[in-house]
Amino acid sequence: MQIGMDLLKLIMGFLALIFCLKCTGAKSISNLTPIDFIWSIMLSEIVGNGLYDSSVKWYYILVMLSV
């Protein structure tokens, strides 16, 4: 069951990060402004920390990414 939840967190986080990058309009990393780059690192930290901490529920990650 834990593997399934980890997989759900990983897929959800990856799709949310792709969606956020698409919203910025960047076609590649070279098109990112410094603020967009820092923003993408911050979002990936939220997903990464939520993925490795088993006490964090998947919907917490979704709420944090949406904020």
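This is a predicted model: local features need pLDDT of at least 70, side-chain atom pairs count only at pLDDT 80 or more; totals for chains, interfaces and linings use all residues.
Residues are numbered from 1 along each chain as its sequence is written, and side-chain values use heavy atoms, with hydrogens and water left out.

On the secondary-structure side, things are simple to list: three helices and zero strands, running α-α-α from the N terminus on. Helices here are DSSP runs of H or I with at least four residues, strands are runs of E with at least two, and both are numbered from the N terminus. Of the 67 residues in the chain, 24% are buried (under 20% relative accessible area; exposed is over 50%, and partly exposed lies in between, all with a 1.4 Å probe and protein chains only). As for contacts (heavy atoms within 4.5 Å), 58% of those between residues at least 6 apart in sequence join residues at least 24 apart.

Next up is the α2/α3 pair. Helix α2 (residues 34-52) packs against helix α3 (residues 58-66) at an angle of about 170°, and their axes are 10 Å apart. Axes are lines fitted to C-alpha atoms, for helices over the stretch in contact, and angles between N-to-C directions run from 0 to 180 degrees. The two helices are therefore roughly antiparallel, a label for angles over 145 degrees. On the α2 side, Leu-43, Ile-46, Val-47, Gly-50 and Leu-51 meet Ile-61, Met-64 and Leu-65 of α3. Seven of the residues in this contact are nonpolar, one is polar and none is charged; Gly counts as polar in this scheme.

Then there is the largest nonpolar core, made up of eight residues: Met-12, Ala-16, Leu-17, Cys-20, Leu-43, Val-47, Ile-61 and Leu-65. Such a core is a set of buried Ala, Val, Leu, Ile, Met, Phe, Trp, Tyr and Cys residues joined through side-chain atoms within 4.5 Å. Helices α1, α2 and α3 each give two or more residues to this core, and α1 gives the most, with four. Leaving aside residues up to four places away in sequence, Leu-43 touches Leu-17, Cys-20 and Leu-65.

Leu-7 sits in helix α1 (residues 2-24) and is partly exposed, at a relative accessible area of 48%.

Technical notes:
Angles under 35 degrees count as roughly parallel, over 145 as roughly antiparallel, 65 to 115 as roughly perpendicular and the rest as oblique.
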